[in-house]
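Thank you all for coming; I would like to take a few minutes to walk through a structure that may be new to you. Please have a look at it first, and then we can go through it together.

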Amino acid sequence: TESSERAPLYNNLGNARRDQFHHSRDLGSLNAAIAAYEPGLQLTPAQSPEYPSRQNNLAAALKQRFGITGDEADRTTAQTLFLQAITQGLEMAPEAVLLAARSWGDWATEQAAWEEAATAYRYGLQGIEQLFRAQVLRQSKETWLRESQGMAAQAAYALAQVGDLAGAVEALEQGLARLLS
């Protein structure tokens with residue numbers, strides 16, 4: 001439909017305004033990015049492979065605004081969107097899983113929210129595994145290995161922080177096995 005055709009335009013506008021924020025640190029630019037991402041997400045069909053990526057974009061912008069304003073509504077919405085991007089991404093867009101899991105996990109780690117970080121990184125490891133298995137060419141596998149570099153160690157650290165030592169060792173072993181394969 002015509003409205004779903006406008007979704008990429010809103011998303012691109014959000015990306016441009018977020019880039020502008022990165023350069024200017026002007027909260028107005030970040031608010032404009034969020035204001036563009038929201039209709040872009042609403043106009044994207046939930047079954048579209050772009051949907052998890054757009055959820056991640058909005059979540060990342062809300063995460064940034066929370067860091068400036070401390071608005072708990074932004075934090076809660078960002079966490080929900082990250083989780084939705086990850087769970088839906090596992091079904092249709094594992095590359096979005098990797099991006100959302102890293103962003104959410106790193107954010108939770110900064111706040112010492114270890115359960116949240118462990119959850120995010122566990123999902124990230126699942127997404128990496130899906131991406132890695134789907135690649136036929138060695139060069140493609142190497143690309144995803146670079147993109148996922150360090151996530152197994154981050155997952156292991158978060159899992160150790162919540163007392164899941166067996167899970168921490170498993171995360172490290174999974175990362176090593178992927179490198180060796």
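What you see is a predicted model, in which local features need pLDDT of at least 70 and side-chain atom pairs count only at pLDDT 80 or more, while totals for chains, interfaces and linings use all residues. Residues are numbered from 1 along each chain as its sequence is written, and side-chain values use heavy atoms, with hydrogens and water left out.

The chain has nine helices and zero strands, where helices are DSSP runs of H or I with at least four residues, strands are runs of E with at least two, and both are numbered from the N terminus. Of its 181 residues, 43% count as buried, and here buried means under 20% relative accessible area, exposed means over 50%, and partly exposed lies in between, with a 1.4 Å probe and protein chains only.

Now to the salt bridges, of which there are four, each being a side-chain nitrogen of Lys or Arg within 4 Å of a carboxyl oxygen of Asp or Glu. One of them joins D74 and R65 at 2.7 Å, N to O; D74 is buried at 6% relative accessibility, and R65 is buried at 19%.

Another pairs E72 with R75 at 3.9 Å, both in helix α4, three residues apart, about one turn of the helix. R75 also meets E116 at 3.9 Å. E116 lies in helix α6 and R75 in helix α4, so this pair ties together parts that are 41 residues apart in sequence. Through shared partners, E72, R75 and E116 form one network.
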